[in-house]
Each structure stands twice: as C-alpha cells, then as structure tokens.
Amino acid sequence: MIKPFLANEALLADIEMARNKDQQVHIWWLGQSGFLLQWQTTYLLFDPYLSDSLTKKYAGTDKPHVRMTERVVSPEQLNFIDILTSSHNHTDHLDPETIHPLLQANPAMQIILPAANRESAAQKLRIAENRIEAIDYQQPLKTQNLVINAIPSAHETLETDSLGRHKYLGYIVQAGAVTLYHPGDTVRYPAMANHLRRWEIDIAMLPINGRSPSRGVAGNLDGAEAVKLAQDSGIRVVIPCHYDMFEFNTVSPSEFIHAARTNNQAYQVLRTGERWSFPPF
C-alpha cells in the first residue's frame, strides 16, 4: 500500500507550520479528489474522503474498492475546519463516515453543496437541510475571507433537477489574489472552457483517471484531456487528482505529465499528504 508523504501528526504539524506563511495559499492533497485549502486563517476542505466506507460497502462484490493509499489523517483530527464543499453526492465526494466526525470536531463548519442535491445530501448525512448551504451556477457565495462561485460539471453528462439546478458542480474559489478551481468529477463539455475563462485561474485540481466502461462507474477527464482543458482555459498550474485511491479505478500520472511537458503546461504532482504553496516563493 502506498504510504502518504505526510500523515497524522506529521501532517498536522505541517499544517500548523504553514499558518505562519499567511501571504501564500497552501494546498494539501488528501487523496482521491480531497484537498485541504488554507488561506490566512481560513481552512476549506474540498470533497474529503477519509474513511474506508466504500471498501466496506463493496467488499465481496464484483466491484471491490480496494484501497491503494493509506489514509492521511482521521477526520476527527481536523478540528480547525471552517468550510467543507461537496461537488456531488457520490460517496467518495460526500462521505458520511468522513463528514460526521468532522462535524463533531467542528460544530460550526459550513457545508456547501449543489442546491439540486440539498435534500438528498441531508438524508444521506442524516442532518437537517438547513444545516447545508446550497449553491448553484451563477450564484456566488461570500464566506469567511473567500468568494466561491459554482460552474457546471459533467459526470459524464450535464444533469439538472426539475428546477434546472445542476447536480454536479465545480467550484471557483477566490482566496485573496489567488483563484483556484476544483471541478469534482467531470468530463469536458462544449461550453466548459468558456465558463472557466471568465476567471484568471491560477490553480486547477483536475481528475485524470479517465473513463472505461469496464469499471462500471462514470468517468472523468484523462491526463491529456486535463492538460488540453487547462490550455484552452488559461489555467496557470494543474494539480492532477482522482487516482491511486482504488485499484479498479486508477491510472498512472505519466500520461498527464507527458502531455503537460509536451504542451508547456505548468503542473504540480503531489503525493498524498504533501503541501504545495502558491505563489511558490
């Protein structure tokens, strides 16, 4: 099993050390599509999956979710989280076994997710709907010292509810002068680059595991597609994600790295539990 770059107490010590570097945005990859963002005094979790719930759920089935990388930290240790976002309701992006301990450790933590999923997410998490802050496309949300905008994601198609609200959303987060993009799960759709070009995106955390019908799950961008999207959208730096979590649904980042180098696209490959700070002084 892959060991994280930093885990548990070592990871927490690195997070504490970064507090003193408040002129930078700090990002830690937590595995799959999970990231921790720190900007000054604010901590935001994107799509954290910090349990073995899917491994247990699919044990003994024809789709076993065999974990490849050790968990970087238990959710109850993260007792400083201000905001948690979920891009959609799939368990590796909205995990009750991760979110319940986080809520116990952070009673005031905001939970932000697509308005189309509010009712179903509340049922899944077994919490009141009014405990969830809903967001939708073209409805920016200002919270703490961040501005969060939502744009549609397609996993593998654009899906809306009866009110036209998107079930899959990516988040554009403005942290001071730095703008980040976290799409959750997505493939490219025709208007996507046009949506993204509305912002000058410094950092995008893009899935690269691609799609294969044999996996029996909805797919994502592959490595070359992630690079092409970044090039067409004017994204400065790409951090690849959504690999090395489950044996049945992973790829090597080598295709992504080759495409990025070939196209002169700046990128940063992180190990789980590793921090990257921007601007990189």
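**View 1. Residues around the largest cavity of this predicted model.** Let's start on the inside, with the residues that line the largest cavity: Leu30, Gly31, Tyr49, Leu50, Arg67, Thr69, Glu70, Arg71, Val72, Met245 and Thr272. Sorted by class, this lining has five nonpolar, three polar and three charged residues. The space they line has a volume of about 40 Å³. How many cavities of 30 Å³ or more does a search of the whole structure find? The search finds one.

**View 2. The largest pocket and the residues nearest its centre.** Now look for Leu54, His65, His90, Asp92 and Val217, which lie nearest the centre of the largest pocket. They belong to a lining of 21 residues. Which classes make up that lining? Ten of the residues are polar, six are nonpolar and five are charged. The pocket holds about 290 Å³ of space.

**View 3. Helix 6 packing with helix 7.** Here you can follow two helices, helix 6 running through residues 223-233 and helix 7 through residues 254-262. Their axes are 7 Å apart and meet at an angle of about 35°. Is the crossing of helix 6 and helix 7 left-handed or right-handed? This crossing is right-handed.

**View 4. A closer look at the contact of helix 6 with helix 7.** On the helix 6 side, Gly223, Ala224, Ala226 and Val227 make the contact. Helix 7 contributes Glu255, Phe256, Ala259 and Ala260. Counted by class, the contact has six nonpolar residues, together with one polar and one charged residue.

Terms used: Residues numbered from 1 in each chain as written. Predicted model: local features only at pLDDT ≥ 70, side-chain atom pairs only at ≥ 80, totals over all residues. Heavy atoms only, no water. Axes fitted to C-alpha atoms, helices over the stretch in contact; angles between N-to-C directions. Helix = DSSP H or I, 4+ residues; strand = E, 2+ residues; numbered from the N terminus. Left-handed = near helix turned anticlockwise from the far one by under 90°. Contact = heavy atoms within 4.5 Å. Nonpolar A, V, L, I, M, F, W, Y, C, P; charged D, E, K, R; others polar. 1 Å grid on protein atoms, 1.4 Å probe; cavity = no way out; pocket = protein on both sides within 12 Å on 5 of 7 lines; lining within 4 Å. Points joined across faces, edges and corners; volume = space filled by probe spheres on them.
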